[in-house]
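Thanks for making the time this morning.

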Amino acid sequence: MASAFDIEEIYPDEPSVRLPRRQSGTAPQGVAVTLMADYTLRTRAALPSAAIVALLAEAGVSSAGARTAISRLARRGVLERSRAGRNSSYRLSQSVAANLSAGGHWILDSTSPAAPWDGCWTIVAFSLPQDHSAQRRALRGQLRWLGYAPLYDGLWISPHELTRAARARLAQLTLGAVTVFRGRHAELDAAGGRPPIEAWDITAISRQYEEFLRRWTPLASRTGSVDGAAAVRARTEVMDTYRRFPTLDPQLPLELLPAGWPRQAARDLFAAVYDGLAEPAERHVRDVVAGHAGGASPEVRAHTTADLLAGVRANPCAAPPG
């Protein structure tokens, strides 16, 4: 079963979790998971397939694309299917709901104000034979997911300590071909010395923040006037865009960044839009679902950034769909 927290699996149209910009086009599976998570994560309510298709249509996904995405997510164990006569309903599987809850917490926690930096770097050095290309790709992908960046080929760095879970994961991927150090950067007199922060393209990351701020600032002041499908679309899009920042800018130390680094401004803007649209978006999703469920209204509930940071808990005892 695929993990809903693995962006490369749930968003298969994207070749990397460290994309420098939002990709053109729509990834139907990703939009479907975002919609289900945004409005059923806590309750794991089962939604009629026709309602999911209708909501995806409002996000620009064709009916055929929506049905294909739903079917693939069900085959991969991301969604659970039930039938009542000729009608099908789907809900998030329990394990995927737990992963999505952890993912939502990670997004908000990773963009919270960072603790003072101790000045040390974690260095991951590895050497894999050329014929181990699949293992090399898996290791690099995991390192990027963990917030590391390549300073040189085979040498990746992070300003944060390697956690126990990350250490175990890297050990599984490398089978003795990796060494981890933690220490301070020693400045060289030579002009060719490369500061570790240059492992990240700070200018490109700043441009992504600036684009995010330009795109969403006008909406933040008028969320009260946005209703229905527009609120759902905007909420889905702002989440889809913002969730990329923890891997682009994994709480890089402010001491090493340009003055006025926009991480906090982007976080505040995301909260203003995502939370400000929660009520009208929830109301619209509930109405769409009720329209395809014979007037019945499964428990649709939108959560806020505070809920995500606290940890949205899926109900493990939720009744099975159908």
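Arg-44 counts as buried, at 3% relative accessibility, where buried means under 20% relative accessible area, exposed means over 50%, and partly exposed lies in between, computed with a 1.4 Å probe on protein chains only. This is a predicted model, in which local features need pLDDT of at least 70 and side-chain atom pairs count only at pLDDT 80 or more, while totals for chains, interfaces and linings use all residues. Residues are numbered from 1 along each chain as its sequence is written, and side-chain values use heavy atoms, with hydrogens and water left out.

Arg-44 is found in the loop between helix 2 and strand 1, and has a positive phi of about 50° although it is not a glycine. When I say helix or strand, I mean DSSP runs numbered from the N terminus, H or I over at least four residues for helices and E over at least two for strands. Gln-251 is found in the loop between helix 10 (245–248) and helix 11 (263–276), and counts as buried at 18% relative accessibility.

For the chain as a whole, there are 13 helices and 7 strands, and buried residues make up 48% of the 322 residues. Taking a contact as heavy atoms within 4.5 Å, and looking at contacts between residues at least 6 apart in sequence, 76% join residues at least 24 apart.

Strand 3 (residues 87–92) has 5 of its 6 residues buried, so it is largely enclosed by the rest of the structure. On one side, 2 bridges join strand 1 (residues 47–48) to strand 3, and on the other, 6 bridges join strand 2 (residues 79–84) to strand 3. Ser-89 in strand 3 is the bridge partner of Pro-48, and Ser-82 stands opposite Ser-89 as well. The hairpin of strand 2 and strand 3 has 2 residues between the strands, and in it Gly-85 takes a positive phi near 70°.

Which residues does Leu-92 touch, not counting those up to four places away in sequence? The list includes Arg-44, together with Met-36, Ala-37, Thr-40, Leu-41, Val-78, Leu-79, Glu-80, Ala-97 and Leu-100.

Leu-92 is also one of the residues with the most contacts inside the largest nonpolar core, which has 68 residues, the others being Tyr-39, Leu-56, Trp-200, Phe-212, Trp-216 and Phe-270. A nonpolar core is a set of buried Ala, Val, Leu, Ile, Met, Phe, Trp, Tyr and Cys residues joined through side-chain atoms within 4.5 Å. Helix 2 (residues 28–40) gives the most to this core, with 7 residues. Apart from it lies another core, of 10 residues, among them Val-124, Tyr-148, Leu-162 and Leu-170.

Finally, the cavities: a search of the whole structure finds 3 of 30 Å³ or more. On a 1 Å grid over the protein atoms alone, a cavity is a set of points where a 1.4 Å probe fits but cannot get out, and lining residues have an atom within 4 Å of a point. Grid points are joined across faces, edges and corners, and a volume is the space filled by probe spheres set on the points. The second largest cavity has a volume of about 40 Å³, and is lined by Leu-35, Met-36, Tyr-39, Leu-47, Ile-52, Leu-55 and Val-285. Helix 2 gives the most to this lining, with 3 residues, and helix 2 and helix 3 (49–58) each supply at least two.

Technical notes
1 Å grid on protein atoms, 1.4 Å probe; cavity = no way out; pocket = protein on both sides within 12 Å on 5 of 7 lines; lining within 4 Å. Pairing = 2+ DSSP bridges.
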